[in-house]
Amino acid sequence: MSSSISQRIVTIRASLPASVRLIAVSKQVTTELMREAYTAGIRDFAESRIQEAASKQAELQDLPDITWHFIGNLQSNKAKKALELFDWIHSVDSLQIAQRLDTLASQLGVTPLVCLQVKILPDPNKSGWMVSELLADLEALNQCKNLQIQGLMTIPPFGLDHDEISSIFNHTQKLAKEIESQQWLHIKMLHLSMGMSGDYQLAVRAGATMVRLGTILFGNRS
Ligand SMILES: *Cc1c(COP(=O)(O)O)cnc(C)c1O
């Protein structure tokens, strides 16, 4: 089995444009499998739970050059821990949590890389800003000077067909360009974090710079 993970990584890496960052979503994946992915060249791992990430990071301390990405729902009481454990937070989903992270980042002396999570369509199962809400919050987000806001993250609602998913990704790219054109001092739109196992090719076509792949690398989660 071990060769199949590295095989899949090599194949998928080769299918992606060189500029697209392949982030291995390792939630519910053992550190043994993560080591195999590491050996196959993966240096970006994403987790969605703080506690799980903390114990895995302790087990993988001998692998010093991993970049850790948080992609889960971030609660206010876990924000400090998230800043201690992660280089990137893709799932900043409200002004309130952004401001909390900004305050804590200042206290900790860190400047985390973050993406703003948006919903192009209403989706009760997902958190994030609706487009109009995000546009209204930009001025306040621009004041979060300890955050390095790098771009947008999105997850399409379940059950859409390929055209509908592509449309979501294209809208997200358009929104990033619109925000970029407003030339905020502390909001950069360098990255689009979009695309999971089932839809990453569509995301890449719509300009994704980071794809977050779990199942297609590691197999089904239990
Ligand atoms: C679980 C998860 C992924 C990976 O999903 P797969 O379909 O297994 O590739 C990507 N992004 C987020 C936010 C996730 O929660």
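Gln183 is exposed, with a relative accessibility of 70%. In this predicted model, Gln183 belongs to the loop between helix H7 (162-181) and strand E8 (187-193). Its backbone stands out too. Gln183 is not a glycine, yet its phi is positive, at about 55°.

Gln28 also has a positive phi, near 65°, and is likewise a residue other than glycine. Gln28 lies in the loop between strand E1 (21-25) and helix H2 (31-39). Is Gln28 buried, partly exposed or exposed? Its relative accessibility is 47%. Exposed requires over 50% and buried requires under 20%, so a residue in between is partly exposed. Gln28 therefore counts as partly exposed.

**A buried glutamate**

Glu47 is part of strand E2, which spans residues 44-47. Where does that leave its surface? The relative accessible area of Glu47 is 0%, so this residue is buried. The side chain of Glu47 has a polar partner: it makes a polar contact with the side chain of Ser26, at 2.7 Å.

**The ligand site**

The ligand sits in the largest pocket. Which residues surround the ligand? They are Val25, Lys27, Ile71, Ile155, Met196, Ser197, Arg212, Leu213, Gly214, Thr215 and Arg221. Sorted by class, this shell holds 5 nonpolar, 3 polar and 3 charged residues.

| Residue | Side-chain atom | Ligand atom | Distance |
|---|---|---|---|
| Thr215 | N or O atom | oxygen | 2.5 Å |
| Lys27 | polar atom | oxygen | 2.7 Å |
| Arg212 | polar atom | nitrogen | 2.9 Å |

How much of the ligand does the protein cover? On its own, the ligand has 390 Å² of accessible area, and the protein covers 88% of that.

**Reading the site by residue**

An N or O atom of the Thr215 side chain is 2.5 Å from an oxygen atom of the ligand.

How values were computed:
Residues are numbered from 1 along each chain as its sequence is written. This is a predicted model: local features need pLDDT of at least 70, side-chain atom pairs count only at pLDDT 80 or more; totals for chains, interfaces and linings use all residues. Side-chain values use heavy atoms; hydrogens and water are left out. A residue is near a molecule or strand if one of its heavy atoms lies within 4 Å of it. A polar contact is a pair of N or O atoms within 3.5 Å; within protein, one must be able to donate a hydrogen and the other to accept it, and residues adjacent in sequence count only if both atoms are side-chain atoms. Accessible areas come from the Shrake-Rupley method with a 1.4 Å probe; for residues, only the protein chains shown count as cover. On a 1 Å grid over the protein atoms alone, a cavity is a set of points where a 1.4 Å probe fits but cannot get out, and a pocket is an open set with protein on both sides within 12 Å along at least five of seven lines; lining residues have an atom within 4 Å of a point. A molecule sits in a cavity or pocket if more than half of its atoms lie within 2 Å of its grid points. Ala, Val, Leu, Ile, Met, Phe, Trp, Tyr, Cys and Pro count as nonpolar, Asp, Glu, Lys and Arg as charged, and the others, Gly among them, as polar. Helices (H or I, at least four residues) and strands (E, at least two) are DSSP runs, numbered from the N terminus. Buried means under 20% relative accessible area, exposed over 50%, partly exposed in between (1.4 Å probe, protein chains only).
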